[in-house]
Amino acid sequence: MIIPNVNVLSDGQLKEVTDILTAYGCKVMVITGAERCVYAIVGDERNDDMVTKIEGLPYINRVDRIQSPHKLMDIRSSLATHRVKMGGIVLGTEPFFCAGPCTIDPKNPNLTIETAHAVKEAGAHALRGGVWKPRTNPYSYQGDAKALLVLMEASRQTGLPVDTEVMDEEHLRLAIEAGVHCIQVGARNALNYSLLRQIGEAIAGRDVCVLLKRGMHLGSVQEFISAAEYIAQLGNPNVILCPRGTQPTLDGYRNHPDESIVPLLKERTWAPVVVDPSHSVGKAAYVPAASLAAIAYGADGLCIECNVHPGKGIGDDPKQAVTPEVLRRIISQTRELWRIARGA
Ligand code: PEP
Ligand code: MN
């Protein structure tokens, strides 16, 4: 990783750096941060001659050689001071809340619109809502691109940024074109490296972030962070890690709650962690306790399924969506716990 003395290299400087790297069979990847750019060396960066030449350039501060399978997302990376922003929140500075229905019913747009206003009122900073759904049962409702219009209308009316899952390149294209602020990678696609790369390419240079769910089959800490690296290495490091419970389940829960992974992630990566307690426990009654646990473990925020009328929702909502009243209570209690836990 090349760290310049300046916030951004001029075209001439970038060309000089690129020419040196190319001579040694490497390439440069520009990583644009909020305030400054850093320049990742793509290829084998162990060549001392190459590194010495780069470090000899007057506008270069240093070259960091981190031996890590996820060198951009690594806690030792020069990106560690990078902060992900969403819904007016700098993640990590105060608790972040994303909430909304599991699935947007395009036949009942008012339910989503009403829910969007209610989650905002309850204190959420972002709205979630599934347009396309990964369903275990191929005969279940699979989603509908028309729901994207409903999601964007809800965003327009409330001013909330929106998060939705994409499962293929066409979904991705439609979501980016519509102006979706946060692209969700679901637990089933956590290791779909082609999709991760496509997302990385699509969001490079855009003010879009990614909510990356943890693979449901006990994805390891390193596997999880490396999946984020797939996206970040293409130029936009705004990836939020989202543990959402793993399989096999804890008898009685939908999955095995895994918020306890947060401190392990925090030791190895600077990426913000937003826990999804809804898919983890799978039942509305258990979501408040799981939310508190996640914040106690050091999560930077929560992504919660919420519906004004859970029973009228589709997908997971009848079982696991909390009402806006419960969401409001979760937000106030987790804020208090955050203050206690972080001494803030
Ligand atoms: C969802 O967010 O509605 C969803 C399907 O999540 P996951 O990929 O975690 O199962
Ligand atoms: Mn769901």
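How many aromatic pairs does the count come to by the ring-centre rule? The count comes to two aromatic pairs, where rings of Phe, Tyr and Trp (its six-membered ring) pair if their centres lie within 6.5 Å. Planes under 30 degrees apart count as stacked, over 60 as edge-to-face and the rest as tilted.

The model is predicted: local features need pLDDT of at least 70, side-chain atom pairs count only at pLDDT 80 or more, and totals for chains, interfaces and linings use all residues. Residues are numbered from 1 along each chain as its sequence is written, chains are lettered from A and ligands numbered from 1 in the order in which they are written, and side-chain values use heavy atoms, with hydrogens and water left out.

**View 1. Tyr193 and Tyr230 form a stacked aromatic pair.** The ring centres of Tyr193 and Tyr230 are 4.4 Å apart, with 20° between the planes. Tyr193 belongs to helix H6 (residues 193–203) and Tyr230 to helix H7 (residues 221–232), so the pair links parts of the chain that are 37 residues apart. Helices (H or I, at least four residues) and strands (E, at least two) are DSSP runs, numbered from the N terminus. Tyr193 has a relative accessible area of 30% and Tyr230 one of 24%; each is partly exposed. Buried means under 20% relative accessible area, exposed over 50%, and partly exposed in between (1.4 Å probe, protein chains only).

**View 2. Tyr253 and Tyr286 form an edge-to-face aromatic pair.** Here the centre-to-centre distance is 5.1 Å and the planes make an angle of 70°. Tyr253 lies in the loop between strand E12 (239–242) and helix H8 (262–268), and Tyr286 in the loop between helix H9 (277–281) and helix H10 (287–296), 33 residues apart. Tyr253 is partly exposed at 29%, and Tyr286 is partly exposed at 32%.

**View 3. The charged end of Arg342 sits over the ring of Trp338.** The distance to the ring centre is 3.6 Å. A charge sits over a ring if NZ of Lys or CZ of Arg is within 6 Å of the ring centre and within 35 degrees of the ring normal.

View 4. The buried residues of H1 are Gln13, Val17, Ile20 and Leu21. The face turned away from the buried side carries the exposed residues Asp11, Lys15 and Ala23. Among the elements covering the buried residues are strand E1 (2–4) and helix H2 (48–55). Just after H1, Gly25 takes a positive phi of about 80°.

**View 5. Four residues donate to the manganese ion (ligand 2).** The protein donors are Cys102 (SG), His279 (NE2), Glu305 (OE) and Asp316 (OD), lying 2.1 to 2.5 Å from the ion. Donors are N, O and S atoms within 2.8 Å of the metal (3.2 Å for Na, K and Ca); water is not among the atoms, so sites may look incomplete. Along the chain the donors follow the spacing C-x176-H-x25-E-x10-D. His279 is buried, at 7% relative accessible area, and Asp316 counts as buried at 17%.

**View 6. Thr334 is buried in helix H12 (residues 324–342).** The relative accessible area of Thr334 is 1%. Not counting residues up to four places away in sequence, Thr334 touches Phe97, Ser291, Leu292, Ile295 and Leu302, where contact means heavy atoms within 4.5 Å.
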